[in-house]
Amino acid sequence: GDGRGVSRGGAGGARPSTDGGRGAGRAGDQVGDGDVVGAVYGGPGALDPSWASVQKAVSAYPAARLLPHDEVVVHPAFAYRVDIASGIPNEQELQLYKIRPNGGSLYFLPAIRLRGDDGLEVTRINRRILPQFGFDYTIEYLCAPRSVRATQPIIYDTTDPAQRTAAISCYGRLLDEFAAAGYLVSRPNTLFQDRVMASMPELRDVALELKRALDPNGILAPGRYGLRVRATDPGSPDGKRREAPTSAPVR
C-alpha cells in the first residue's frame with residue numbers, strides 16, 4: 001500500500017505520500033500494511049503438507065489473515081500475482097509508476113538475509129532516506145529460500161530535471177547507507193557500477209579473471225560492472241553525470 005495517494009505541490013511538482021495518504025490507499029484497495037503473496041508448487045502428494053505448513057506459520061500471528069484462493073483470484077491487488085505464479089505474464093506492476101507523472105525509476109536492489117531483523121532494518125533505512133529526497137517508499141521483498149531482494153525503485157518524473165538529479169543523489173545516499181549497514185547491492189545502475197564493485201574486491205577480481213579468459217580483447221560491454229580488460233575501457237560516471245537517462249512514461 002505504500003506509495004499511494006501522491007499529492008501535488010512543492011518545488012519538485014510532487015511530494016511523497018503522507019502516512020494518512022498511504023493508510024487511505026490501503027483501505028481503498030483492501031490491503032494490509034504488509035502483504036505476503038506466494039505459491040506452493042509440487043505434485044498432489046506434496047501440496048497438502050506444504051499448504052498445512054503455510055497455514056501453521058500464518059496461525060502463529062494473530063493479526064494475520066490467510067485469504068482463500070477464490071478470494072485472491074478476484075482481488076485487484078493480488079489476482080495478477082496468481083497469473084505470474086501460473087506463468088502468465090502481465091504488466092500490472094507497472095501501474096506503480098503512475099504515482100508520479102511520466103514515471104520512471106532507478107532500481108535499487110540490495111540483497112539481504114531471509115531474516116525478520118534484516119527486513120526491518122532495510123525498511124527503516126529506506127523509509128528514512130527516500131522522503132529526504134522527495135520520493136516514496138515503495139519497497140517489495142522478493143524472497144528465495146535463503147536470501148531476499150529488497151526491491152526499492154526510486155520513482156521520479158522523467159521529464160523533471162530536478163527530480164532526475166534528486167533520484168541520482170538518492171541512489172548514491174542509499175548506497176552509502178547500505179554499505180555502512182553491511183549490505184551489498186546487486187544489478188547497480190550504470191552510473192554506480194564501479195563504486196559497487198569497489199566494495200566487493202574479491203568478486204571483482206574473480207569476475208575479471210573470467211572476463212579475461214572469455215573476452216581477452218574486451219569486446220563485450222567494455223568497462224561494464226567495473227571490469228576492464230584494456231586500459232582504455234571506460235568506467236562508470238559514478239553518479240557524476242547529473243542527467244539520468246529518460247525513458248518512455250507509463251500511460
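This is a question-and-answer walk through a predicted model.

User: What makes up the secondary structure of the chain?
Analyst: The chain comes to eight helices and six strands. Along the sequence the pattern reads β-β-α-α-α-α-β-α-β-β-α-β-α-α. Of its 251 residues, 34% count as buried.

User: How many aromatic pairs does a search of the whole structure find?
Analyst: The search finds four aromatic pairs.

User: Why is the pair of Phe108 and Tyr171 called edge-to-face?
Analyst: Take the distance, then the angle. The ring centres are 5.3 Å apart, and the cut-off for a pair is 6.5 Å. The planes stand at 85°, and edge-to-face means over 60 degrees. Therefore the pair of Phe108 and Tyr171 is edge-to-face.

User: Which parts of the chain does that pair of Phe108 and Tyr171 link?
Analyst: Distant ones. Phe108 is in strand β3 (residues 103-113) and Tyr171 in helix α6 (residues 161-181), 63 residues apart. Both residues, Phe108 and Tyr171, are buried.

User: What makes the pair of Tyr171 and Phe192 stacked or edge-to-face?
Analyst: The angle decides. The planes of Tyr171 and Phe192 are at 20°, and stacked means under 30 degrees. The centres are 4.9 Å apart, so the two rings form a stacked pair.

User: Why does the pair of Tyr171 and Phe192 tie together parts of the chain?
Analyst: Tyr171 lies in helix α6, while Phe192 is in the loop between β6 (184-186) and α7 (193-198). Those parts are 21 residues apart in sequence, so the pair ties them together.

User: How do you know whether Tyr171 and Phe192 are buried or exposed?
Analyst: Buried means under 20% relative accessible area. Tyr171 has 0% relative accessibility, so it counts as buried. Phe192 has 2%, so Phe192 counts as buried too.

User: Which residues do the ring pairs link into a cluster?
Analyst: The cluster holds Phe108, Tyr171, Phe178, Tyr183 and Phe192.

User: Where does the charged end of Arg127 sit?
Analyst: Over the ring of Tyr137. The charged end is 5.1 Å from the ring centre, and the distance cut-off is 6 Å.

User: How many disulfides are there?
Analyst: The count comes to zero disulfides.

User: How do you know what helix α8 should span?
Analyst: Helix α8 (residues 201-214) has 14 residues. At 1.5 Å a residue, the helix should span 20 Å. Its end C-alpha atoms are 20 Å apart, which agrees.

User: What makes the buried residues of α8 line one face?
Analyst: Ala207, Leu208 and Lys211 are the buried residues of α8 in question. Seen down the axis of α8, the buried residues fall within an arc of 105°, so they line one face of the helix. On the other side of α8, Glu202, Val206, Leu210 and Ala213 are exposed.

User: What does the side chain of Ser186 make a polar contact with?
Analyst: With the side chain of Arg149, at 3.4 Å. The cut-off for a polar contact is 3.5 Å.

User: What is the phi of Asn102, and what is that of Ala221?
Analyst: Most residues other than glycine have a negative phi. Asn102 has a positive phi of about 55° although it is not a glycine. Ala221 has a positive phi of about 45° and is not a glycine either.

User: Where do Asn102 and Ala221 lie, and why are they called partly exposed?
Analyst: Asn102 lies in the loop between α4 (79-85) and β3. Its relative accessible area is 23%, so Asn102 is partly exposed. Ala221 is in the segment after α8. Its relative accessible area is 42%, so Ala221 is partly exposed.

Definitions and conventions. Residues are numbered from 1 along each chain as its sequence is written. This is a predicted model: local features need pLDDT of at least 70, side-chain atom pairs count only at pLDDT 80 or more; totals for chains, interfaces and linings use all residues. Side-chain values use heavy atoms; hydrogens and water are left out. Rings of Phe, Tyr and Trp (its six-membered ring) pair if their centres lie within 6.5 Å; planes under 30 degrees apart count as stacked, over 60 as edge-to-face and the rest as tilted. Helices (H or I, at least four residues) and strands (E, at least two) are DSSP runs, numbered from the N terminus. Buried means under 20% relative accessible area, exposed over 50%, partly exposed in between (1.4 Å probe, protein chains only). A charge sits over a ring if NZ of Lys or CZ of Arg is within 6 Å of the ring centre and within 35 degrees of the ring normal. A disulfide is a pair of cysteine sulfur atoms within 2.5 Å. The expected span of a helix is 1.5 Å times one less than its number of residues. The arc is that of the directions from the helix axis to the C-beta atoms. A polar contact is a pair of N or O atoms within 3.5 Å; within protein, one must be able to donate a hydrogen and the other to accept it, and residues adjacent in sequence count only if both atoms are side-chain atoms.
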